[in-house]
Amino acid sequence: MNNMQQAIFRVDASVNMGMGHLTRCLTLANALAESGTRSCFLMRSHAAGLASFVESHGHSVRLLLDPRYARDSDTTDAGSNYERWLPTTWQHDAEQTSQAMDGSGGAGWLIVDHYALDGRWEKACRREGVRILAIDDLADRPHDCDVLLDQNLGRSMLTRYRDKVPETCRQLLGPRYALLRPEFVEQRRLSANRSGRICRILICYGGSDPTNETAKAVQAVASVAIPSMKVDVVIGLSNPHENSIVRLCSKLSLGKVHRGADNVAELMRRADLSIGAGGVMSWERCCLGLPAIVVDIAENQVGALTALADAGAVQYLGSAASVTSETLGDAILALLDNPVRIKALGEAAFALVDGEGSSRVCAELGFRGRAARASVS
């Protein structure tokens, strides 16, 4: 197997980081596998609990040991809001990554998706014959990469990485390149035009939900008090609030909790309205034309959710910290009385994402298997 047929992913996940970075990297790795490419994930040892999850998809994992000593504050980035995502210095992380790459038997691509790493790390990890893909959506730091992927919708997308990437860097920008699992394309083909009536609500705030926004949404739906309303509540395996959520859902006659669900795409297709946050789920909902009431649970979600609201694809209520269950309940009631608005939200969302982003990214990276079936024009 030549170097081109292996990709190295450098990504982390945790309750505080969320699962979005790992989810989109895993989606890309699965797509690359269809062209005969194997992938190795480099993750810090604090993510050891997720290793078996990655390996269950057929990929290998190497854990980068967290240091026993504290970071030297003089070598960290005082201006970075995400420096605490890394339990060591970027230099030490680059050294560990380089050693892992050298011992991996060669690779064609190094793919990094990490807010705490930037162009200095990428430059330190460069190897002859290895190209670098940086996945980002902040545009707050420079990159030394061959390809940059930002799948988000935002203002001034074409200029937001100006002076932040090399002139030769190929930029893949916008939800056209959203990394979604194949089941979303499959469910999109099965989806029918939405009537605007709300008979089933999906509540999903991602894999961790440390502030328990799920409970707030369940309380909001319960306050609407429509006995015939079906409610699906999806929580991740790392959600620490499962017991309290189950107790709350017992107040909903037709409520059901799905823990670690592997049929989220189907649940989205069957739903008439979703309540959740930003991140990868934004593009999943769009792919299926699912109307949504959303809040941001992190600062990095604000730009994309604002752009989606401007496009008429979501009802954006602002920061989760400032949104109460009463606010959510009022928003649900307003949409129950406005099927025209619901239908318009779904149609606007559906037009933004076709679900073929993984195929396009694979093709741009030079992998031409089944995963690269979509046109890159």
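Predicted model: local features only at pLDDT ≥ 70, side-chain atom pairs only at ≥ 80, totals over all residues.
1. Aromatic pairs. The model contains four aromatic pairs. One of them joins Tyr82 and Trp85 in an edge-to-face arrangement, with 5.0 Å from centre to centre and 75 degrees between the planes. Tyr82 and Trp85 are both buried.

2. A stacked pair across the chain. The ring centres of Trp85 and Tyr115 are 5.2 Å apart and their planes meet at 25 degrees, so this pair is stacked. The pair connects distant parts of the chain, its members being 30 residues apart. Trp85 belongs to the loop between strand 3 (60–64) and helix 3 (90–102), whereas Tyr115 belongs to the loop between strand 4 (109–113) and helix 4 (119–124). Tyr115 is buried, as is Trp85.

3. Tyr82, Trp85 and Tyr115 make up one aromatic cluster.

4. Charges over rings. Two arginines deserve mention here. Arg188 lies over the face of Phe350, 3.7 Å from the ring centre. The charged end of Arg176 sits over the ring of Tyr177, at 6.0 Å from its centre.

5. Helix packing. Helix 6 (residues 213–224) packs with helix 7 (residues 242–249) at an angle of about 5 degrees, and their axes are 10 Å apart. Angles under 35 degrees count as roughly parallel, and helix 6 and helix 7 are therefore roughly parallel to each other.

6. Composition of the helix contact. Helix 6 contributes Thr214, Ala215, Val218 and Gln219, while helix 7 contributes Ile245, Leu248 and Cys249. Of the residues in this contact, five are nonpolar, two are polar and none is charged.

Technical notes
Residues numbered from 1 in each chain as written. Heavy atoms only, no water. Phe/Tyr/Trp six-rings, centres within 6.5 Å; stacked < 30°, edge-to-face > 60°. Buried < 20%, exposed > 50% of the residue type's maximum accessible area, 1.4 Å probe, protein only. Helix = DSSP H or I, 4+ residues; strand = E, 2+ residues; numbered from the N terminus. Lys NZ or Arg CZ within 6 Å of the ring centre and 35° of its normal. Axes fitted to C-alpha atoms, helices over the stretch in contact; angles between N-to-C directions. Parallel < 35°, antiparallel > 145°, perpendicular 65-115°, else oblique. Contact = heavy atoms within 4.5 Å. Nonpolar A, V, L, I, M, F, W, Y, C, P; charged D, E, K, R; others polar.
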